[in-house]
Amino acid sequence: MDSAAGITVELDRGVHVAALRYFDADALGERIGALLGAALPSEQRSVRGRFAVGDTPYLLAWRSPNECWVLCDDGAPIEALRRSLADSRDACVVVQTGGILALTIAGARTRDLLCRLGSAASIPRTGEARTGRFADITVTVVGLAEAEVLLLVDRAYANHLLEWIRATIADF
């Protein structure tokens, strides 16, 4: 999509996203662990795993003490969660696919770009997930690798964020 010396930005419209909301993380953690094979992420962390059916990779990203996001390349893990929690009174799955857009930013200047867009305190390390203000909007950022992050933004604000990124990269 966009690139400059030391950085690339790609919009990934193929990511399936769901908000997993719950009241009791401990109780839900056991159900999630049995279904996905991974525990819910701890505070400001992310967890990667593979869904047993179809070997689909997924990512769980912490959003708050009672919510995490489920991200995957196909909807199988999300559908399994929806079926598993359909009768639950203390948890639900809200599909966000199409409403949340994912941007992957990679390269040596990733941190520079994020610092210019927002606060250094909101930039995650590898395996972390943080939500903060970038380009004056709320964005969840997941640290994928040393110089690679995933930005998750409400679709209504995606063009705004992309324009800030383009203008900032042009300054590089």
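Predicted model: local features only at pLDDT ≥ 70, side-chain atom pairs only at ≥ 80, totals over all residues.
**Notebook: a look over the whole chain**

I started with burial: of the 172 residues in the protein chain, 45% are buried. I used under 20% relative accessible area as my cut-off for that.

Next I looked up the surface. The protein chain exposes about 8500 Å², and 47% of that comes from carbon and sulfur atoms.

Then secondary structure. I have 4 helices and 11 strands down for the protein chain.

Overall dimensions came after that. The C-alpha trace spans about 50 × 30 × 30 Å along its principal axes. What radius of gyration does the protein chain have? I got 16 Å, and a compact globule with 172 residues would come out near 16 Å, so the two agree.

I also checked how the domains are laid out. Domain 2 is 16–95, while domain 1 is made of two pieces, 2–13 and 99–170. Taken over C-alpha atoms, the centres of domain 1 and domain 2 are 23 Å apart.

Last entry, charges. I listed 18 positive and 22 negative charges for the protein chain. Where do their mean positions lie relative to each other? They are 2 Å apart.

Technical notes. Residues numbered from 1 in each chain as written. Heavy atoms only, no water. Helix = DSSP H or I, 4+ residues; strand = E, 2+ residues; numbered from the N terminus. Rg over C-alpha atoms; globule rule 2.2 N^0.38 Å. Buried < 20%, exposed > 50% of the residue type's maximum accessible area, 1.4 Å probe, protein only. Areas by Shrake-Rupley, 256 points an atom, 1.4 Å probe, with all protein chains shown as cover. Lys, Arg positive; Asp, Glu negative; His and termini not counted. Charge placed at Lys NZ, Arg CZ, Asp CG, Glu CD. Domains from an automatic or database assignment.
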